[in-house]
Each structure stands twice: as structure tokens, then as C-alpha cells.
Amino acid sequence: MCCAQITFSCFNSYFSYSLHSTPITDHLPGEGPQLSELTGLFVLRPESVTATKGKDITFVAKVDSSNLIKRPVMKWLKGKWLDLGSKAGKHLQFKESYDRNTKIYTYEMSIIKVVDGDAGGYRCEVTSKDKCDSCTFEVSVQAAQEDQQDNILEAFKRSQKKERKEEPEVDVWEILKNAKPCDYEKIAFQYGITDLRGMLKRLKKMKAESKKSDAFLKKLDPAYSVDKGQKIHLTVEVADPDVPVKWFKNGQEIKPSAKYVFESVGNKRTLTINKCNLSDDAAYECVVGEEKCFTEVFVKEPPITITKLLDDVHTVVGERVEFEVEVSEEGANVIWMKDGVELNRDTAGSKYRLKKDGKRHILIINEATKEDIGTYYVYTNGGESKAELEVEDKELEVLQNIADLTVKASEQAVFKCEVSDEKVTGKWFKDGVEVEASDRIKISHIGRIHKLTINDVKASDAGDYTFVPDGYALSLSAKLNFLEIKIEYVPRQDPPKIFLDTGSSGGKNNITVVAGNKLRLDVQITGEPAPTVCWMKGDQVLSEAEGRVRVESEKNVCSFVIEGAEKADEGQYSITVTNPVGEDKADLFVRVVDVPNPPENVKCTSVGEDSAIITWDPPAFDGGVAVKGYLMERKKIGSPRWTKLNFDVYESTTYEAKKMIEGVLYEMRVFAVNGIGISQPSASSKPFMPIAPTSEPTRLTVHDVTDSTCALKWLPPEKIGAGGIDGYIIEYCKEGSDQWVRANEEPVGNIHYRVKGLPVGEKMLFRVIAVNIAGHSPPAILSQAVTIREIMENPKIRLPRRLRTKFITQVGEKVNLVIPFQGKPRPVVTWYKDGVPMEDRTVGTRTSEVDTILFIRSAERVHSGKYTLSVQIENMSDSADIHIQVVEKPGPPIAVHVTDIWGFNAALEWKPPKDDGNCEIIGYTIQKADKKTKEWFTVYEHNRRPSCTVSDLVMGNEYSFRVFSENICGLSDEPGISKNTAVITKTGLLYNPSPYKEMDVSSCPKFTAPLVDRSVIAGYSAAISCAVRGNPKPKIIWMKNRMILGEDPKFLMQNNQGVLTLNIRKPSLFDGGRYSCRAINDLGEDEVECTLEVRAHHDKSPSPQPLLPELLFRRKQNSFSCAKYKSPYCICQRKFQNHR
């Protein structure tokens, strides 16, 4: 028996279909962790098994979703990082099902024909919003009838069916240890190793166990994983911070570039690979002197998604069919399948043709047949799409029927018809006997027109002629009438006689002609002498001139001709013949028929999950022939292709369209059909979407109650569908009654609503119904009745945190302070400034039920002061103070002058500005300019004293000086310019100071500006500052909780001319505490301290909850672990996930 367990597995497949799209929770180095709450979601967990090689095995997991807000997502993982969802195919198959009654999801993973590479540790993980759960299981593979091999090297080799000859044993581990990384693949191929990555991982562990590095404090991790297109950081820590480091990729040295970025910070050396692609999937090594450390980078490709889905196709036999799909990336591989059978270039043959055009993939069926009916699928490794193909027999349409002919002897008779398919052949029959072609009888077929031509017509040619198309149960018939003319010489005169035969029944002469066709009516007339013929339409006489409607006369025959019949030609016609002997008259009615007008008012009346009811009105004009029925077509919005829904005419004006995709917009059009033909299409209906009503709204609660109103809140339904939500309907009724009253006339779009006009003291029930285009959802009903009565609430001001300290703004800026408060009934709001009711018209206030707004359109310095807000309900009140300081830039310093000049130096002094801009002067900026160039250059910035010494002046130049004062708004607009200049002479370079009495300036340290308590947010850098003076210069010591801060790189201590600053880089919750600064010199010492509060990013509480002193924590990135309860602690949540 052979049992193999492999750490890394490599799956190569032409096609992989991803069932899951959520990121992997476990992470490798270079990836960020994801925190979730661990809960018991599994009802049934997979168990560890021992599988037989070549057999199938299935793992089942069940998840209870009754307490979940969102649908759970399951991931199957192998080892630490391999997501098996991207390897789905013939070997790995996944299945998911849902039981609506028990609300339990069932997930199955099947391994088809187990191989040795399937052995190892597996993990299934289920996540739903902020909840997750996971379980692990092992798979061992044993051979059917082979002895177990103890050599671990066999786990990385192919299984061999044939016995191999005995070969001397070779220690491949020693060969790999001594070989270069670039030779690993060659050695693996030589000794039959297929899982090279897994073996390299074990090799690195062996190296790490056998030798501890002196050059590396921290080596590279065994493996890293990164998504394609992202960047990754490879970091090591070296013992010597000055030692040079080299990076290699597959044995080749890497040079710095935009792709590969080298970083060196202290003992850390980092290689950053930007925009990773498949070529970066390789082995990397870091070399320090003679020592090396190795790792491997695995680049994961993102799933290919389908951006344009397949369209259903409805066609007839013999037509060309194209299925087109568009994917997210060019050159991606897709698989086409029909009814579970893959279609590729080898199996498709000449029937199917596969085509790629950039992101578009097309499946072409040259000539569709009945065998092609079915469902066609297209798969990528990130999605799938399907479409239905329906093929029906092609019907033959008659475009022009053959007409009856009446000809005379020796004339030519031509029977002509036109059908829709030019490939159709047929046969001609006379009185049931097939007509054979001869010198006198010609049979022709040109395109869609079939002709039978009979030259030199004889009396024997009269009869019934029929054209029968081959392969169709259809026949076209017409009659050939032979007109035999006999001339008799009668010695007496004959009265005129009209021989009119229109073939109509009932004794009425009616002629029907299709609009656009030609009408020619030949009327035989007898009489001696030759009679005079007169055609009339109503009271209008038709002339024999050339025109569209005309009369043609020949001997004994008068022809009535209409070229291109129109509707206006319809009406009563009469023919009158007269001669000296008598008169004869005949009437006939010409009827012009046409295809009907398009149907009108096509619309969708209702929709279902995959269907829709379509109605329309009959055409306003039926073309003179009764409408037989209708043909319907539909298409998706954005698609140019219309799909026929029926080939047989549909008689009703209401139709249910089925087999549609939920959430996709469609539009319909309708054709009317009569005995003449098919009308033009109707106007397209308004777009409609097949959808189903949503589920009921969730978590319906009462938010507020007054004497006549009740405020409700709820959450959207769990199942919304593609139709979305148009709004909600709120209804109420008294407890014990079933008569629900609608509270809102139009659906509301928000998830809260206040019902007004309720009776005081009554117990009321409420329910909420979701509405979309598909209709109303089931109602969400409150479980208990609500008593309509006002609830008293004490007034309370919720002062924003930023207003709890002094609010500073600049002159001219807008001030808009929103201060929320609470209280019932509505409190009375009063504003005061400096203890006096506010009467300044430039300061406005607005008050609503829940907040008040203080706004100043353009702030001035007179607006500075203390503003007090008071809210009062009867004898209860609450107040809050807001300090506003309006500042502007300061004025220029005054009395700037040069006090002394020596050598290349000049001493300046000045006095502070008269106007400090309503805030403290924080420094001065000094500039100099020589009289030659008159260009100003900055000498000092942020100089805090009203004096300075300017050095490095040029001999022989004369200098002017100017000074800008600075506050928090910036530098003053105008500088203070020195009244005198400084001339640097060429002689007298030695400074001869005037004698003066030396003054003792020694002093003990004294803090002029103390530390201020601060509250900061975790993860954002912070700083605390103070100012000190003393002579000699004091030594500065920073302490936290009375412990001296050493050379911790997290803390940066600065001393700028007595201004002391402690910068804290990205503080965490544990960086909060008491910070103190101590200054010491020979004359004494002084100390100041403050409190630093560090808050979580989304913590809404005013101060952090104290941590239990007995708990010990182990830091790991953004989370900690409790040593007592062994449960994780989340910094952001300030609580244990399993224990307070």
C-alpha cells in the first residue's frame, strides 16, 4: 500500500470554472489579513478519509442560514492557500443546493478518479458578511494492490504501472542542496519529480533545520502568493545594516528598475515587484556574502468573466446561426458545450466553426438542422452563459400566385408564379397529368419565378393547370380558357352584346385585385355594326388615353387596365355599348385588397419570473381581407437581433411569452397576417423586465411614538431580484380588526416612515409591503400592537467632538455648526453669546426637531467669543458652550533696524506687530537683499525671538533687511523693512565689542508652554509639543507612564529652538497613557505631563473601555490574542469576540 501526502499540488488544465469569487481568508506573506467573527455555522462537517487510487470520493458540508443576513459563500481550500474553486473541471466537481423549508445549504465536492497528488490537508470555509466558520479534514491515498514505499521521494514522482529495472539509489536531496536554483528543473526532470514546488518547499525546511544563518536575522518565507497585476514585497532582516544585498530570480541577478524596486531601511531589505504577471511566477533568492535564503512567488490569474451573455436563437432549417459572447480579457480561453458535450476544433468538424475576435468569441452553425436543437453553454474560469436554439421547418411562402388566362387561337399563354425560396423546384400538371416540355411548351425556373409558356395555343390546351413545389404540401392552380371566335355573316344587323365573366358567384360581377398589382379585364363585345364602348366609374367617363387607369380597344375586345392598383381605384364601374340597333350595359365592382396595417398599442400587462403577458389592439385597417392572426418577435435591449416566437399564426390578441431571463430588459413587436401577406412590424413595446415580487421586508421595528404619530423603521427584503424595489406601502389597523388602512398614497423609497393622524391611546398594528414592477411582496407585520401615546424624554445636547475644544476659523470663511439634540416633546432652543441672548443679525440660527444650526456667512473678528446653547422642556434643561475664535494674518513687525555690524555679520532687532490677527505670533521670517541686485533671499524662517544675527554677508556689499510676522494663518501681507542698512566694509574685519558688564543669564529649566491632553485615532500619526527655556541648555527626557522612552523608532523626538515635539508614528490602542517631558540642567529641573487617548477608528464611544489588567496580549498586525481565554481581540471593536 502506498500513502502520499503532498504539501503543494500543481493543477494544469485547459479550462477551469470558478464557483467562488470571494478572496481567501488565510493569507501568505505580502497579503493583508482579513478579520471575521468565528461562529458555528456548520451543521455537517466533512470527515477525514482514506481513498483508493482511481476511485471517486465525495465530501459533504451543510450550513444553517436561518440566522444569516446574506447568502453564505463556501470555499474549498487545499493546504494553506490553494483555492480549489478555480480548478473545477473533470477532476474536481462542485455542487450546491438549498432547502427552503429548513434553510440549510448543502455543499458537495467530488474528486473523480483519485490520484496520489490529491493527498493532503483540506479546509472548507464558509463566510457570510461578518460571520465565518471553517473546518479541516485529511485525505490519504492508497494504491489498490501495491506495496507501501517508505521513501518520501516517491511522493513527488509519477506513479509507474510497469516495473522498472533496479537502479543504484541516488540521494536527490543532497543533489538539490548543492545545486544552483537554475538547475532545479533539470534535476527534477532527470529523476522523475513532477511536484517540484512541493519538493522545493521541503528542501528549504531541511536547509533551515540544518543551518542557522549568521547573516540573516529574518529570512524570506517559504512561499508568497499575489494576484496578477498587483505588487508584492519580499522582506528580509540582516544582521549587519551596512552589508550589501543582491537579489536573484531563477538564478539571474535582478537590477533595480521601475518593475523591481529595492528598499533599505535599517536592518530591513525589501524587494518590491510591481504589476506582477505570469513571468514573475518564479524562485527568488536573497544573497548576503556567502549566505542565501530562498522563496517562491506564485502569481494567481484573476478569473475571466463574461461581460456580454448569449442570446436565445429561434430559426428555421437551413439558416446560419451565430452564438456570440464577450469576455473581460482578450485572448482568454473559453469552452463551448452542447447538452453536456464539448465542442472544439477536433470534434466539431465542418458543422460548427469557432471564431475569436479580440474579446468576442463566436460559435457558428453553418446550416441549422433539427439535430442542432438544444442548450448551448459557454464557460470561462469566472462565469458561464447559456442560450437555447430552436429550429423549425421552413415554410414556403407564395409571393405571386398563378392567374386564370383566356386566350385565343395561335396566341401565347404564360402561367407565372413566385415563391419565397429560389432553391425550390417543382412540376407542372394539366388536368392531373404532368406537363412535358416540347418545342411549343417551355418550362423555366429563374430565381424564385417559375414559368410555363405555351406558344400557338390550341383548343386542346384548355384545362386546369397546377404547379406543385417539390417537398411541400402545396399546389397552385389556374385555368386556361380557350376563346374560339366564329364569324358568321348574317344578312341582318345584330344588337350589341357584352360577354362579361368575372368568375364571381351570386350573379354579381366582383373583381378583387391586390394593391400594387396590375388589373387587365378583357371584355368580348359583339354587335353589327361595331358598337361604341363607354367605361365609367360612377359619373366619371374613363378615357382611352395613356395613363395608369385606361381603356384599350381592339376588334371585338375592349380591355380595362389598372396599372399598380391603389385603394382609391376601388369602386363601382360600368361598361355601356351602343350601335344603331340597340344598347347593352354591364356593372362590375373592383375591390382593392392589401396587407393589413401594423397592430397597435403593443404593451406588457404583467410579468413573471421568466415570462410576460403581452397584449395589443388589432390593426386599424385589415387591408380589405380578414386578419388571420399574428406573428410575434422579441429582443433584448441593446441587441440588434429579433427572435421569432411563433411560426404558425396566433389568433388571439393576448400572448404569454416564456423562456426569458429574469432581470433582462426585453421589448416586443407584432405582425398582422391576412390572406394577402404580412404587415409591417408594429411599434416596439416599452421595455419590460421579467421579474418576480420580492420577499417581505425584514426587521420591522417602532422608532418613535407621539400622541398622534408612529415612526417605523425596517430593512429591505432578503430576496429582491433583478427588478429592484420601487418603494414600500405602509398599512395600519386597530388591534383585533382586519381592516387595514393604507397610510401612504404613493410608495415611499426610504426604509423609514412616520404614520400620522392616529387616535390617541389606541393599540395599533402596522405592516409594510415592498412593491416593484412584478407586484406586492408578502407583508412584514409587527408582532405586538403599539399604544399611541407620547413618550417623555429629558433634553440632551449631543455636542460634536470637534466643538468641545476651541473652534478656530479665518476671517471671511463660512461658519456652519450643526449641533444635534434630543428631547420629547420638542425642546425650546435658545442661543447666548458671552452670557447675553444673541442679537447679532450677522449670526443666524436654524432649529429643527433634532438639531440646531449656527451659521455665519462671512466670519469677522467681532464674532469671536463664547456661544452658549440651551435646550429646555418645562423645568428640565441642558446647555453647552462653544468657543469660537476668528483669526486673520498679523500685521508687519515694527521698528526693524540694524543694531550692530561686525565682520561678515549684522544684528537685527524689531518689535512685535501691533495687530497679531487675534492669535499668537508663532515666529518671524527674515529676508535680505543687497543694493546691487535688489533680490530678496530668505535668511531665517520661524524665528521665535524679535532679534537675530545674519551671517555670511559678502564683503563690500550694502544690505537691506525685511521681516514678516507669522501666525497660524500664515505670513503677514506686508513686511517690516529695516530703517538703516548694513555695509560690510573691506577693512576692520575684527569685531571690537564695546566693553560691557557681563550679565549672568543662567537660569533653571522652565516650561513656557505645557503639554496639552490629546485624543487621537488609532493608525494616524500624532504629535505632542511643549516649549522650555533654561541656561545652560537643559537635557530633555521623554517618558511614558514614568518609563523613559529610549531609541524606539516609533517615537521621534525633536528640539527646535526650545520647542520640544514628540512624534508618534501610527499609534495603536496601547500607545495611550500619561506622557511627561522632563528638562534638567545644573541649576534644577522642571517637568510637564499630559494624557494621550487613542481611539479605534469606528469607535463611537467618547473614551475607550479600559482593558483588563490580568489579560496578556500577543500582537500580530492589527489583532491581539488573549493568553487567558485563547480568543482573538480586535483593536477596532475594543472587545473580545468570545469574551468581554
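Select Thr 576 to begin, and you will find this residue in strand E45 (residues 571-579), where strands (E, at least two residues) and helices (H or I, at least four) are DSSP runs numbered from the N terminus. Is Thr 576 buried or exposed? Thr 576 counts as buried because its relative accessible area is 16%, and buried means under 20%, exposed over 50% and partly exposed in between, with a 1.4 Å probe and protein chains only. Now show what Thr 576 touches, leaving out residues up to four places away in sequence: Thr 532, Val 533, Cys 534, Glu 583, Asp 584 and Lys 585, where contact means heavy atoms within 4.5 Å.

Before going on, keep in mind that this is a predicted model, in which local features need pLDDT of at least 70 and side-chain atom pairs count only at pLDDT 80 or more, while totals for chains, interfaces and linings use all residues. Residues are numbered from 1 along each chain as its sequence is written, and side-chain values use heavy atoms, with hydrogens and water left out.

Next, zoom out to the protein chain, which has 3 helices and 92 strands. Of its 1140 residues, 39% are buried. Among contacts in the chain with a separation of 6 or more, 63% join residues 24 or more positions apart.

Now select strands E11, E13, E17 and E16, which in that order form an open, antiparallel sheet of 4 strands; two strands pair if DSSP finds at least two bridges between them. Strand E11 (216-218) and strand E16 (260-265) are at the edges with a single partner strand each, so one side of each has no neighbour in the sheet. Neighbouring strands here are turned by 30° against each other on average, direction ignored, with axes taken as lines fitted to C-alpha atoms and angles running from 0 to 180 degrees between N-to-C directions. Within this sheet, strand E13 (residues 232-238) and strand E17 (residues 268-273) pair in the antiparallel sense over 6 bridges, and Glu 237 stands opposite Lys 268 in E17.

For the cavities, select Asp 311, Asp 312, Arg 634, Lys 635, Lys 636, Ser 639, Arg 641, Thr 643 and Tyr 666, which line the largest one. A cavity is a set of points on a 1 Å grid over the protein atoms alone where a 1.4 Å probe fits but cannot get out, and lining residues have an atom within 4 Å of a point.

The last stops are in loops. Select Pro 529, in the loop between strand E40 (519-528) and strand E41 (532-537), and look at the peptide bond from Glu 528 to Pro 529, which is cis, with omega near 0°. Then go to Pro 1032, between strand E82 (1022-1031) and strand E83 (1035-1040), where the peptide bond from Asn 1031 is also cis, with omega near 0°.

Finally, select Lys 103, in the loop between strand E7 (92-99) and strand E8 (104-111), whose phi is near 55°, a positive value in a residue other than glycine. Lys 103 counts as partly exposed, at 39% relative accessibility.

Key: On a 1 Å grid over the protein atoms alone, a cavity is a set of points where a 1.4 Å probe fits but cannot get out, and a pocket is an open set with protein on both sides within 12 Å along at least five of seven lines; lining residues have an atom within 4 Å of a point.
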